[in-house]
Amino acid sequence: MTSVKKYQESFFLTIGTLAVLSAIVLGIGDSPISVASVLLNSAFGSLENFSYTLFYSTPILLTACSVRLALAAGLFNIGAEGQMLIGALASVAFGLWFGPTLPVFVVIPSAIVFAMAAAAFWAGIAGWLRVRHGIHEVISTILLNFVALALVNWSVLEIFKNPENQSLETTWIAEGLRFGPLWKHATVFAPLAIGLAVLVHAVLTTTWFGLRVRSTGHNPRASELAGIAATKIRLKSLLIAGAIAGLAGVNEVFGHAYRLIDGFSPGYGFIGLSVALIARGSLPMLIAATLLFGALQKGALDLDLETERVTRDLAAVIQAVILLVLALQTRKKGGASS
Amino acid sequence: MTEFLFTVASVSTPLVYAALGGMLSERAGVVNIALEGLMLAGAFTAATVAWATKDPWLAFVAGVLASSVFGALHALLTITFRAHAIISGLAVNAVVAGLTPVLCKTLFDSSTSSPMLENAQRITALGGRVSPLVICAPIVALLLYVMHRWSRFGQYIRFAGEVPDALDAQGISSQKVRWLAVCLSGALCGVAGAYLSIDHGAGFTRNMTAGRGYVALAAVIVGRWTPQGALAGALIFGSIEACQILFQDIPLWGDRTLPVQWMQSLPFIATLLVLAVVNRRAAKSPGGLFVPKALSS
């Protein structure tokens with residue numbers, strides 16, 4: 001496909017997306033223009049608002065990096081959501097168990113390592129099921145998401161319940177362990193996430209390991225023949241992907257809430273999945289799509305108050321329609337599906 | 001024991017329909033993880049129409065049609081536009097999961113649920129106990145078995161999945177066969193969804209399918225992509241869910257019961273375990289067991 005044609009296609013798809021979304025908003029009985037202005041203003045209208053957008057973008061970028069890495073190895077990590085939840089649970093558990101006794105400079109790094117390891121373990125279950133039992137990671141990671149959700153709900157309710165509060169949340173972690181916000185509402189993990197995105201991209205595109213990962217993703221059988229242990233590479237990629245998704249949980253617990261709130265995630269893992277699929281291996285696209293989806297997440301919060309009938313749930317619709325249109329661009333040659 | 005069997009039948013029913021739908025679609029060569037969203041679309045539409053018209057059977061038809069439309073969307077993306085089937089499935093699921101709360105809010109002024117349906121708005125159980133949809137589930141499975149095994153269309157579906165070129169060479173469009181199979185898969189998911197919202201349940205609640213679409217997909221794999229296997233797989237997972245419901249507050253040690261969250265995640269853990277065991281045995285059997293071409297990557 002020539003590049004002019006490609007741009008033409010992207011242009012028409014963008015117009016089509018906007019038309020479908022406007023039709024949905026009109027159908028609900030609101031004006032698309034007022035909805036768009038609320039979204040824009042709420043996401044970018046002030047520095048305060050923009051810092052919130054960055055806050056929502058951070059876990060999205062982390063889970064997107066996780067999905068992107070696994071995708072490079074040819075695996076669909078639909079479990080980023082569950083891995084993030086396990087990371088958050090491990091962070092709060094470590095913080096509450098060891099926070100009061102050990103010095104801060106020991107607790108924080110070990111809590112991060114512990115959370116990443118726990119999330120990697122969660123991803124590893126799916127990896128092991130794939131490698132040893134041939135269960136496709138799409139189905140296993142989805143099922144594991146449900147288990148992670150139940151595990152978090154139970155831990156919050158039964159093990160770490162905050163006795164002073166009726167809502168579903170754990171006790172707060174010690175004050176010394178809290179990473180205050182970096183800039184207004186953006187957490188310290190915002191620049192870290194960008195650094196990690198760059199690192200993941202660099203590793204995939206410039207190192208031998210990255211080459212093996214991409215080769216495995218492209219054609220596992222040919223890679224095996226070329227002497228690459230494709231199975232091991234896939235397992236490793238999924239473990240690292242899990243660890244990265246776990247960082248999104250660390251961000252929530254140490255960087256923002258300072259406790260684990262049941263149901264804190266609006267589906268960061270799934271949003272990150274869409275972002276990684278949109279970016280298709282391009283670093284600038286990954287950052288841009290993250291900001292777009294983060295802005296939608298923040299912008300939608302004000303829809304409840306500022307518009308007549310549209311609610312924050314519209315963000316999910318917009319993200320879904322974008323994913324749907326993007327699916328059109330994943331056209332494959334040859335067979336219809338796989 | 002009868003209580004247990006009744007519960008198994010009623011919780012297995014949506015799994016049976018969805019699994020049969022998933023099997024049809026994947027046998028025709030289109031991976032279908034959209035079962036979850038298709039069911040949800042059917043559940044929402046059926047509940048809405050039942051609420052508006054007070055006619056449960058009209059609502060049932062509407063639910064089936066709505067799911068078929070979303071099935072057609074999956075078909076359009078994957079077959080006509082050759083989109084990646086997993087991405088398309090995720091997108092269909094996301095669109096339905098996103099739209100239903102928004103529409104709920106618009107229609108019922110609540111983004112979490114529709115109003116409770118009265119008994120007159122729901123499908124009436126025969127003899128006050130067994131729903132006609134429950135009775136139809138094994139019949140539909142049998143019909144599909146006969147179709148799959150002996151009919152021309154069943155043969156076309158298998159060819160569309162395994163050697164589409166051979167079908168095309170015969171002058172039969174493999175694309176059309178796939179389209180039909182995926183739309184039928186949507187219709188069956190619509191039956192499952194309508195069962196959830198206007199038969200088993202009384203109204204729509206947000207995300208009421210709660211992962212059943214994915215469990216149904218697992219049933220398809222456990223059943224090695226055959227109608228009888230899908231039925232058996234759905235019954236296995238249905239029995240596990242029934243145990244979860246019935247034995248939720250039976251004391252295990254002293255007066256302590258298993259935490260409800262553990263019980264709720266039991267179907268998912270059990271699904272993974274059953275999948276692992278079945279796949280392990282499949283790998284050991286001579287020559288391997290059947291896996292549709294679309295899935296053998």
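**Exercise 1.** How many residues of chain A are in contact with how many residues of chain B? Then work out which helices of chain A build its side of the meeting point.

*Solution.* Keep in mind that you're looking at a predicted model.
- Step 1: Pair up residues whose C-beta atoms lie within 7 Å. On that basis, 38 residues of chain A touch 48 residues of chain B.
- Step 2: Look for helices of chain A that give at least two residues each to this side: they are α5 (104-133), α6 (137-159) and α14 (314-328).
- Step 3: Find the biggest contributor. That's α6(A), with eleven residues, the largest share.
- Step 4: Sort chain A's touching residues by type, and you get 23 nonpolar, ten polar and five charged.

**Exercise 2.** Describe the overall build of chain B: which elements does it have, and how compact is it?

*Solution.* 
- Step 1: Count the elements: chain B has eleven helices and zero strands.
- Step 2: Check its radius of gyration, which is 19 Å. The globule rule gives 19 Å for 297 residues, so chain B is as compact as a globular protein of that length.
- Step 3: Look inside: 56% of chain B's 297 residues are buried.

Definitions and conventions
Residues numbered from 1 in each chain as written. Chains lettered and ligands numbered in written order. Predicted model: local features only at pLDDT ≥ 70, side-chain atom pairs only at ≥ 80, totals over all residues. Contact = placed C-beta atoms within 7 Å. Helix = DSSP H or I, 4+ residues; strand = E, 2+ residues; numbered from the N terminus. Nonpolar A, V, L, I, M, F, W, Y, C, P; charged D, E, K, R; others polar. Rg over C-alpha atoms; globule rule 2.2 N^0.38 Å. Buried ≥ 20, exposed ≤ 12 C-beta atoms within 10 Å, placed from the backbone.
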